[in-house]
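Here's a quick tour of a protein model, one region at a time. Have the viewer open as you read.

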Amino acid sequence: MDVVSKAAYDAIAIGTGPGGATVARELARRGKKLLILEWGPGGEIRGTASQYIRESMLPGKSLLLTPQLLGMVRAITTGGSSLYYYGTGFPVPVSMLRKYGVDVAAEVDEARAELPVAPLRDEMMTPMAWRLMDSAQQLGFAWHKLDKIMYQDRWRPEYPFGYFGDPHKVKWSARMYVEEAVALGAVLLNGAKVPRVLGDQRAATGVEFTMNGETRTASADRFIVAAGGIGSPVNLHQSGIREAGNDYFFDPLIMVCGTMKDACLRDNEIPMSAGVHMKDEGYMMTDMAIPPALHLLFTGPVFRLTKLFAFRNTARIMVKIKDKLGGRLTDGGGVRKSLTAADRSKLQHGFENSKRILQAAGATNIYKTAAFAAHPGGTVKIGEIVDANLKTRLHNLLRLRLLGNPGGLGTTTDPDPRSARQVPCPPSHCRAASGRTPCSCVTSASRHSERGNTHDNASHAGGLHGHRHMAHVDRSQPVALQDLDSCGDAARHGQSRQSA
Ligand SMILES: Cc1cc2nc3c(=O)[nH]c(=O)nc-3n(C[C@H](O)[C@H](O)[C@H](O)COP(=O)(O)OP(=O)(O)OC[C@H]3O[C@@H](n4cnc5c(N)ncnc54)[C@H](O)[C@@H]3O)c2cc1C
């Protein structure tokens, strides 16, 4: 037993991605005694490929492979995947959420006012991005600039985009919120992996975690599971909520590449600066600039050896589809999900349209890469694992997750409550989580919701700004966020407002 083990906290947050970080910051602002447990490291963001590989490309840990060798990455580090994401924001599916009893309209406005979400300024769009946009528009696609979650006033032309982490802090990341929480007194333990929350059938009482080879425990009144789209269901599963982690989506994508002999990609290309959501077809297309190392990763496996080092002359469009729900996670977080025939057909359709756009832009030798899975979601569904208040069975166990829409312009179109996907949580939700206001923090959105409607200007207002509020609170039982605030009072006396 050590100090951590003996201490009793108001709340313990597991994970520091946008979900966990947002709630952690709000709890810290409320003066709560908070312990944050993060599996990954902290430390300086160097923006190097080696740091990226250590934190985001380790097979079995951050690089997960399906049996069909479809890769899926997540970052195990302070700030979670937001450290390495592409900073694209998509509209929060407010109307769809209302259908499930969750109204986040006001919170979306609040989030928009706080987060640096806007389309790129013209001078930040590179010639390649303009060229693809012109070509797509001439062909009749509603290709337009996308919202980016970036402090554009900090940007300088000589800064490379933060694919490998952004030491210049142009791109918003959840690390910023974690730092604020710690400055306000929260205790952050890095290298602390939490396999499970401890407790009985009614309530959680503590967490077990491993750190420096030792197993420890810590207790608290409330527990926030915010370990990401894979980590959270695995944790819930191990904590007795066995249904978590089935029947999900993972946003498969391909890159469509072509040679432009007269083009030269710059080092400061910003990915996903513009694109189009093909809502009826169930996919989106966007310009996709990636650094040489990632170009090798995508191009190598399709044996385009002559293209491997043609990085500077390669124009690229990413096609990301809305895949069919399915699959399961293993107890250890292994991804067992395959592409269906319908999924492959969408990828092919996206390939054909991307090829037209590239050709019209002057590209030749067009090819597509193997499919990759972008982001898992729908692993904890409203109506199954959580109720409309996003509570789980354990009255003091909340689950937060950034619903991210990963780089993806979500391509979803048909709301499906079973595939509820969490989306960025607005500030007030987080306040709720911190206890002062009732909260419906779990802005779970149907997976195939309007999240991908890039034409919805109104939604843009709420859009991804999100990352910052990508927190979801999945609580096991009706937990109005007041519960967290009452960590120290009602809950301590077994009177949690919503407890069963
Ligand atoms: C390359 C890439 C590009 C992306 N681009 C975009 C984009 O442009 N726009 C967009 O909206 N989204 C994008 N995303 C997706 C977005 O980053 C995620 O949706 C978002 O980060 C999810 O937040 P989260 O808090 O739910 O989980 P995560 O960010 O995954 O955070 C989970 C945290 O939990 C920790 N953890 C996991 N298991 C444990 C455990 N057992 N114990 C303790 N800690 C644990 C992890 O280390 C991590 O810090 C991208 C993702 C990637 C990988």
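What follows is a short walk through the overall numbers, the sheets, a helix pair and one glycine.

## Ground rules and overview

This is a predicted model, where local features need pLDDT of at least 70, side-chain atom pairs count only at pLDDT 80 or more, and totals for chains, interfaces and linings use all residues. Residues are numbered from 1 along each chain as its sequence is written.

The protein's secondary structure comes to 13 helices and 25 strands. Helices (H or I, at least four residues) and strands (E, at least two) are DSSP runs, numbered from the N terminus. Of the 500 residues, 60% count as buried, meaning that 20 or more other C-beta atoms lie within 10 Å of the residue's own, with C-beta atoms placed from the backbone. Take the contacts between residues at least 6 apart in sequence: 80% of them join residues at least 24 apart. A contact here is two residues whose C-beta atoms, placed from the backbone, lie within 7 Å.

## Around β12

Strand β12 (residues 214-225) pairs with strand β1 (residues 8-14) in the parallel sense, over six bridges; two strands pair if DSSP finds at least two bridges between them. Look for Ala11, which sits opposite Arg222 of β12.

β12 also runs antiparallel to strand β11 (residues 204-211), and six bridges join the two. Here Met211 stands opposite Glu214 in β12. The β11 and β12 hairpin has two residues between its strands, and Asn212 takes a positive phi near 50° there.

β6 is joined to strand β8 (residues 147-149) by three bridges, running antiparallel, and Val117 stands opposite Ile149 in β8.

The other open sheet also has three strands, ordered β13-β18-β19 and paired antiparallel. Its edge strands, β13 (246-248) and β19 (335-336), each pair on one side only. Two bridges link β13 with strand β18 (residues 326-329) in the antiparallel sense; the bridge partner of Tyr248 in β18 is Gly326.

## α2 against α7

Helix α2 (residues 18-29) packs on helix α7 (residues 175-183) at an angle of about 25°, their axes 8 Å apart. Axes are lines fitted to C-alpha atoms, for helices over the stretch in contact, and angles run from 0 to 180 degrees between N-to-C directions. That makes α2 roughly parallel to α7, the word for angles under 35 degrees.

On the α2 side, Ala21, Thr22, Ala24, Arg25 and Ala28 make the contact; on the α7 side, Tyr177, Val178, Glu180 and Ala181 do. By class, the residues of this contact divide into six nonpolar, one polar and two charged. In this scheme Ala, Val, Leu, Ile, Met, Phe, Trp, Tyr, Cys and Pro count as nonpolar, Asp, Glu, Lys and Arg as charged, and the others, Gly among them, as polar.

## A glycine to click on

Is Gly162 buried or exposed? Gly162 is buried, because 23 other C-beta atoms lie within 10 Å. You'll find Gly162 in the loop between β8 and α7.

Leaving aside neighbours within four places in sequence, Gly162 is in contact with Gly47, Val170 and Lys171. Gly162 and Ile270 are 108 residues apart in sequence, yet 8.8 Å apart in space, C-alpha to C-alpha.

Note on methods:
Angles under 35 degrees count as roughly parallel, over 145 as roughly antiparallel, 65 to 115 as roughly perpendicular and the rest as oblique. A residue is buried if 20 or more other C-beta atoms lie within 10 Å of its own, exposed if 12 or fewer, and partly exposed in between; C-beta atoms are placed from the backbone.
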